Structure formats: C-alpha cells, structure tokens
Amino acid sequence: MAEVFGVTRAAFNRWEVGAAKPHRRRLEAYARLLRRWAVKHPQAAEGFEFAEVG
C-alpha cells in the first residue's frame with residue numbers, strides 16, 4: 001500500500017496507527033479506497049464509521 005501511495009512503509013504505518021496524517025491529496029485517495037473496500041466487503045467494515053475528509 002505504501003508504494004501505491006508513494007510513501008515509505010514507515011510513513012504508511014504511522015497513518016495506520018494514527019501517529020501521522022497524510023497530506024490532503026493522499027488522505028482523500030486513501031479515504032476513497034477504504035470506502036470502496038467497505039462497500040465491497042461490508043462484513044469487514046462492520047462497526048466502523050467513516051468521517052468526512054477535510
């Protein structure tokens with residue numbers, strides 16, 4: 001995933017654990033990806049709520 005977003009694995013890991021926030025363009029792309037996965041795999045997203053980006 002880090003490669004897809006053009007960041008290091010360490011940077012991506014910091015996003016995942018909430019230690020850092022991606023720049024807006026990457027954050028928006030990541031949010032779109034997660035929302036699409038949630039639609040495709042609703043059982044995996046059960047219990048999660050998506051906040052608006054921005």
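Visitor: Where do I start? Which elements does the protein chain have, and in what order?

Guide: Start with the inventory. The protein chain has four helices and zero strands. From the N terminus, the order is α-α-α-α. Keep in mind that this is a predicted model.

Visitor: What box do the C-alpha atoms fill?

Guide: Along the principal axes, the box is roughly 30 × 20 × 15 Å.

Visitor: Take H3. What span does helix H3 reach, and what span is expected?

Guide: H3 covers residues 24–40, 17 residues in total. From its first C-alpha to its last it reaches 24 Å, close to the 24 Å expected at 1.5 Å a residue.

Visitor: Next, burial. Which residues of H3 are buried?

Guide: Begin with the general idea. An α-helix has 3.6 residues a turn, so residues three or four places apart point the same way. Now the case here. Leu 27, Tyr 30, Ala 31 and Ala 38 are the buried residues of H3. Viewed down the axis of H3, the buried residues fall within an arc of 100 degrees, so they line one face of the helix.

Visitor: What does the face turned away from the buried side of H3 carry?

Guide: That face carries exposed residues: Arg 25, Arg 36, Val 39 and Lys 40.

Visitor: And what covers the buried residues of H3?

Guide: The cover includes helix H1 (2–5), helix H2 (9–17) and helix H4 (42–45).

Visitor: Let me test one residue. Why does Ala 31 count as buried?

Guide: Buried means under 20% relative accessible area. Ala 31 lies in helix H3. Ala 31 is buried because its relative accessible area is 12%.

Visitor: Now Glu 49. Is Glu 49 buried or exposed?

Guide: The cut-off for exposed is over 50%. Glu 49 has 78% relative accessibility, so it counts as exposed. Glu 49 is found in the segment after H4.

Visitor: Zoom out. How much of the protein chain is buried?

Guide: Of the 54 residues, 22% are buried. The protein chain exposes about 4,600 Å², and carbon and sulfur atoms supply 53% of that area.

Visitor: What about contacts and charges?

Guide: Take contacts between residues at least 6 apart in sequence: 28% join residues at least 24 apart. For charges, compare mean positions. Those of the 10 positive and 6 negative charges are 8 Å apart.

How values were computed. Residues numbered from 1 in each chain as written. Predicted model: local features only at pLDDT ≥ 70, side-chain atom pairs only at ≥ 80, totals over all residues. Heavy atoms only, no water. Helix = DSSP H or I, 4+ residues; strand = E, 2+ residues; numbered from the N terminus. Expected span 1.5 Å × (residues − 1). Buried < 20%, exposed > 50% of the residue type's maximum accessible area, 1.4 Å probe, protein only. Arc of directions from axis to C-beta. Contact = heavy atoms within 4.5 Å. Areas by Shrake-Rupley, 256 points an atom, 1.4 Å probe, with all protein chains shown as cover. Lys, Arg positive; Asp, Glu negative; His and termini not counted. Charge placed at Lys NZ, Arg CZ, Asp CG, Glu CD.
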